[in-house]
Amino acid sequence: MDKKITLISGASRGIGRAIGTRLAHENHFVVLLARNAEEISELEFEIDQAGGKALSFAVDISQPEQVQATVDQVLQDFGRIDTLINNAGVGVFKNSELITTEEWDQVMDVNVKGSFLLTKAVLPAMKSAGSGHIVGIASDVSKRTFAEGSLYCASKYAQHAYFEAVRREVRKLGIKVSVIYPGLVDTYFHEGDPGQPHRASYLQPRDIADAVAYILNAPAHVIIDELMLHPMSQEW
Ligand code: NAP
């Protein structure tokens, strides 16, 4: 297998789906992860039909056993994992006193714990191989805040800190950690369907997929630590 084995979380919709589609057209066997089995099977089928290689696993990345079992299965099938794209994420936006403890746990469990669980599960194999690339899809609100964004911003700041610290641990072992900080992207993350006129100027999911491909295609001696991108229409 000369293709890179690449795990992508949150591959059923939006940014993760675009990353899966894009990397499958390059030299990647994409392993698609999301809870919605039907949506990721459909994407697996589409990629196969287009001549690419894909495999899908229905997994909730906040659940340690499910994450470990998925990574173990991929390692059993392929013997290695070259790339992990930590993309899955959720948001709750409201005044802080209205946030329930369930909502707090849900956002932190997916955005922060999910990134931690996947990273923890792939690192031993990457360390043995002496190579690997972990990419986090964080947010521009990993570095700024906004009203009614306390929970989401806290989760994205935490993701940023987590990936930065992991980068310091693993760089000397030949493993790269890169983080992308997008501004507004037109996906189901926002209320209503993508494609609405008032969101026409937002970034498109393929813009983030292009950024991921750029990061992954950097020469071996280069690490792109961070990449922030915004639509021209968004002030930052
Ligand atoms: P999206 O369209 O809502 O897609 C979110 C993806 O995450 C879906 O595939 C969803 O699949 C998956 N997911 C959610 N909970 C999960 C769980 N517990 N386990 C596994 N998968 C789970 O959102 P998006 O805009 O593409 O967001 C992708 C990432 O970009 C997120 O981390 C988000 O914070 C970040 N981001 C988005 C924007 C934006 O403006 N859209 C801006 C900056 C950063 P299932 O529901 O099938 O599990």
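**Close-up 1. The shell around the ligand.**

**Close-up 2. Polar atoms facing the ligand.** His 190 places a side-chain N or O atom 2.7 Å from a ligand oxygen. A ligand nitrogen has a polar side-chain atom of Asp 60 at 2.8 Å. At Gly 10, a polar backbone atom is 3.1 Å from an oxygen of the ligand. On its own the ligand exposes 890 Å², of which the protein buries 96% (Shrake-Rupley accessible areas, 1.4 Å probe).

**Close-up 3. An aromatic pair.** Rings of Phe, Tyr and Trp (its six-membered ring) pair if their centres lie within 6.5 Å; planes under 30 degrees apart are stacked, over 60 edge-to-face and the rest tilted. The count comes to 7 aromatic pairs. One of them joins Phe 116 and Tyr 162 edge-to-face, at 6.3 Å centre to centre with 85° between the planes. This pair links distant parts of the chain, 46 residues apart: Phe 116 is in helix H4 (residues 101-129) and Tyr 162 in helix H5 (helices are DSSP runs, H or I, of at least four residues, numbered from the N terminus).

**Notes.** Residues are numbered from 1 along each chain as its sequence is written, and side-chain values use heavy atoms, leaving out hydrogens and water. In this predicted model, local features need pLDDT of at least 70 and side-chain atom pairs count only at pLDDT 80 or more, while totals for chains, interfaces and linings use all residues.

Terms used. A polar contact is a pair of N or O atoms within 3.5 Å; within protein, one must be able to donate a hydrogen and the other to accept it, and residues adjacent in sequence count only if both atoms are side-chain atoms. Helices (H or I, at least four residues) and strands (E, at least two) are DSSP runs, numbered from the N terminus.
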